[in-house]
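Here is a short briefing for a reader new to this structure. Please look over the sequence and the 3D view before reading on.

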Amino acid sequence: MPTLNPNAPSAPALSRRTVLAGAAWSVPVIVAVTATPAFAAASNVPTVTTTTPSMQTPAAGQVVVTAVVKDASGAPLSGQPVSFTGPSGTTFSPATATTDGSGTATSTLTTSDAWALPGSSVTVTALSNGVSGSAPLTVLAANAYSLGDNDSHAAPAGSSTSSPVQLQQAFPSPIVSIATSVSDEDFFGYHAPFTLALLKDGTVWAVGTNSQGQMGDGTTTDRTTWARVPGLSNVIQIATQFGAAHALLSDGTIRSWGSNLNSQLGNGSSVAYSSTPVTVTGITTAIRLAEGLALLADGSIRSWGYGRGGRLGNGTTSSSSTPVTVTGIANAVEIASASMSAYAILSDGTIRSWGFNGNGQLGNGTTTDSSTPVTVTGITNAVKVAGAQASIYALLADGTIRCWGWNKYGELGDGTTTQRNTPSTVIGINTATTITAVSSGGYALLSDGTITAWGAGPGASGATPTPITGTQNVTVLANNTFSESGTIYFIVGDRFVYFPPGNTLVRAAGSVALSARVLTSAAGSALAGQTVSFAARNATFTPASATTAANGSVSTTLMSTDPFATPGSTLTVTATSGGFTGTKALTVLGANAFAVGDNQAGRTGTETSSAIVGAPWQLSRVFPSPITAIAGGEAFSAALSADGTVRAVGSNYSGQLGDGTTTDRSGWAFVRDGKKNAITNVVGIAVAGRTAVALLASGAVLQWGADLNRSGNDLLLATPVSGISDAVQVAAAGATFYAVRSNGTVSAWGSNDSWLLGDGSTDQYRATPGPVSGITDAVEVAATSNTALVRLATGEIYAWGSNGSGALGNGTENDFSRPGSVSVPSQKIPRPVTGISTAKKLVTGGGAAYALLASGEIRSWGLNDSGQLGDGTTTNRTTPVSVSGISNAVTIGAGYNSGYAILSDGTGRAWGDNSNGQLGDNTTTNQSTPISLSLPAGQKLKGFSTRSTWTTNHFIF
């Protein structure tokens, strides 16, 4: 047997030699047989043949080479000199030998390139009397390090456990992935580790404990040397699950072997284990694999095996011997598992989790197990999840890492040992390219090739990330799906695939130019002539694959195919070459809202030039964060995004777009503050006429647009409203604005037309906010042009101001004008609306008001000339009436003279004025009872414009 070198130096960039197919799996003696004549007579030239029975040599070690010299008739020639030569870095001892009576001469070949590429070739030559014979030998090598206890024998026996060590030199093809696990016994208190390696040629190799057939070789004999799992080829991903192994094939099917004590095989059987691979039942379109999880091409997820704690995500805690569907997920792009919990990244960059949660590993703010997916708090741009046991990590598109769960030994890397039920941040890392974990810590590969670790895992030193030394050119961190053995693996690629800095944004249903590069290592030289294939979910590429140029680069154009992709979601692009992959995260610019109605001055914010938008039309896809609220004013609209910014579009006569100008805009533009910076930290907006206000998270309020006192001193930029620092909601009516305060009071400022200030005064105008009389438990304010209403914590509604058409809802109908101009009793301060005590939402539009009750019914009152009360008539109502046919509404909205509702099944209803197509049915016919809102297939409503003072409306989906 050859002598191996377990203490080879750290890896240089791997040598690129020709890889030979059909290599054997062991390291036998090499025989070079050369037929050569003693005397080259012209009439009797012998044939020269060369055979190499094993065709293999270790990358750094020794192997015996035998040359055989025969004459032209095939008879062995003794006493002939034979010299042996090989490539640079190899030696022979002896360099020259003499054939014996059988015509053979032997020499020992010594190789020294420990980090030669597995599967590359070394050609040795035997020369005798001017005639030579050569043998190409396949290099058995290992392009990976291990760090830790080596319990599975992946590295040579006796290797160091405190610094990175090269794996056994056993592989005829480069390693592209490693997965390590333990058996069922280990989970319940016994130790039985094993490790799998996926090679570039699509084969799988195994080493370690085999008590339950984990080696897949038909035996239960433990292995201390690597061997191929027989019968597996075309494998593209590997994973493990409690003593079982899984392999995803290129045809979308999955094979499993090993333990089946908890149904890990997934083939419906009840055997204790299988020592050879079997097929997981019913899966033919898998594209990703994790511990007992499969992501299918349609974005759904299947799970099987151990079900305790809800680990299967199907609403039960039972194990399943065949795959079941994870509940409620149809758009996953990545999956991961950590012992008894599981995770999915959705196409919008959010994360769902399910299973055990005793240490907060689900990341949803609780420690309660969940058998169905829940949302990990506060993450919207994840590209990878990793975890082991109860400490979980998420790599974000910006190169930072979030962490949550168990933290006794600093496993979260946030500088503390405090358990986290919601994500914290791994400190000091903002250039991570990939992550992995062992049961006691996390690891990140940074863009400069550095590996950093935290926690109590191998190479880590506590709660603060520190670099690992002793490795070079690492391009992949191995997937330690359930590493109880305390071993981490680092893979050295023969190439480094990455996306240079460039475009980071893509419009939903738009295109973007991208380029990738292939280098010998992160800091290496370019590789020309390499095939690179591009892939991404909901996208196409032109070209889909291409060959690198002299500088190692290749270009493509990505076309997004999902017009309704969530704004701010992450589109992860991969570039794969030679089994190694680089990734790039693109932020999607989209629009999760539709518009209908009047499009004067481009106020809808869509890309249509039609004067009337008669059917729901998607807004311009320019938003990098989901729209959470929209408000419509006089020929303009304002939209609030989840990132706390506000954009506006349309007419700008009085500066209502808040961009510092009076120039109309047909495209959405930021509202800006006095320093011309985009306003941020906004949590609410309100619009009336040509004026808008924004509520900040701090409780302060900003205002811009037309001067409420009509003095002509318009505000072209967002300006603070004095005296308000604790607002929780804002609303608007005509030229009057309102803020609900944290103590339940309501403040009002602006015009007092129709006594809208609600303080009982007859002042024409108030420049600074003052209290609305008698309100101490307000939760929501809404207003029409001449009437204001407030919803109290009790569920009651109070109203003040004009009572035209019965807008006060108190059973009377008086139409008051400006203060002091009438002698009839006025409602200058709030009074109750008749018959409402369980309201949970309040909206207004035109001269009508609407209340959503706790029962799901809707009440309406006031003006009804266009059927906007939805009661089947056009009769004004001075007390609340029921909107016809709706008993399961979950939210409501209102246009200028139109009403809207979302039902519990996600469908929408609309009624009232339709003169500008604002009901979205592609007609201009008014409707006095609700009709269905038609949206593009697959889209469900989430909300409406907060209030519209014009005949334009927006729907948020």
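The count of aromatic pairs comes to 16. Rings of Phe, Tyr and Trp (its six-membered ring) pair if their centres lie within 6.5 Å; planes under 30 degrees apart count as stacked, over 60 as edge-to-face and the rest as tilted. The model is predicted: local features need pLDDT of at least 70, side-chain atom pairs count only at pLDDT 80 or more, and totals for chains, interfaces and linings use all residues. Residues are numbered from 1 along each chain as its sequence is written, and side-chain values use heavy atoms, with hydrogens and water left out.

**Aromatic pairs**

- Phe534 and Phe541 form a stacked pair. Their rings are 5.8 Å apart centre to centre, with 25 degrees between the planes.
- Phe534 is buried, with a relative accessible area of 7%. Buried means under 20% relative accessible area, exposed over 50%, and partly exposed in between (1.4 Å probe, protein chains only).
- Phe541 is buried too, at a relative accessible area of 11%.
- Phe171, Trp205 and Trp226 are linked into a cluster by ring pairs.

**Overall make-up**

- The protein's secondary structure comes to 1 helix and 74 strands. Helices (H or I, at least four residues) and strands (E, at least two) are DSSP runs, numbered from the N terminus.
- The protein has 957 residues, and 57% of them are buried.
- Take the contacts between residues at least 6 apart in sequence: 54% of them join residues at least 24 apart. Contact means heavy atoms within 4.5 Å.

**Nonpolar cores**

- In soluble globular proteins, nonpolar side chains tend to be buried together.
- The largest nonpolar core here has 58 residues. Such a core is a set of buried Ala, Val, Leu, Ile, Met, Phe, Trp, Tyr and Cys residues joined through side-chain atoms within 4.5 Å.
- The residues with the most contacts inside this core are Leu167, Ile175, Ile178, Val204, Trp226 and Leu558.
- Strand S13 (residues 193-199) gives the largest share of this core, 5 residues.
- Apart from this core lies another, of 20 residues, including Val65, Ala67, Val82 and Val124.

- Why is S13 largely enclosed by the rest of the structure? Because 7 of its 7 residues are buried.
- In a regular strand the side chains alternate between the two faces of the sheet.
- Both faces of S13 are covered. Pro193, Thr195, Ala197 and Leu199 are buried on one side, and Phe194, Leu196 and Leu198 on the other.
- S13 pairs with strand S14 (residues 204-208) in the antiparallel sense, over 5 bridges. Two strands pair if DSSP finds at least two bridges between them.
- Leu196 stands opposite Ala206 in S14.
- The hairpin of S13 and S14 has 4 residues between the strands, and Gly202 takes a positive phi near 85 degrees there.

**Strand S63 and its partners**

- Strand S63 (residues 797-801) is mostly covered, with 4 of its 5 residues buried.
- Strand S62 (residues 787-792) pairs with S63 in the antiparallel sense over 5 bridges. Ala788 stands opposite Trp800 in S63.
- The hairpin of S62 and S63 has 4 residues between the strands, and Gly795 takes a positive phi near 95 degrees in it.
- S63 is also joined by 2 bridges to strand S64 (residues 831-832), and the two run antiparallel. Ala799 stands opposite Arg831 in S64.

**A five-stranded sheet**

- An open sheet is formed by 5 strands in the order S2-S9-S8-S4-S6, with mixed pairing.
- Strand S2 (56-58) and strand S6 (96-98) are the edge strands, each pairing on one side only.
- Strand S4 (residues 81-85) and strand S8 (residues 121-128) run antiparallel, joined by 3 bridges. Phe84 has Ala126 in S8 as its bridge partner.

**A buried loop residue**

- Asn262 is in the loop between strand S18 (254-259) and strand S19 (273-279).
- Asn262 is buried, with a relative accessible area of 17%.
- Asn262 and Ser320 are 58 residues apart in sequence and 8.1 Å apart in space, C-alpha to C-alpha.
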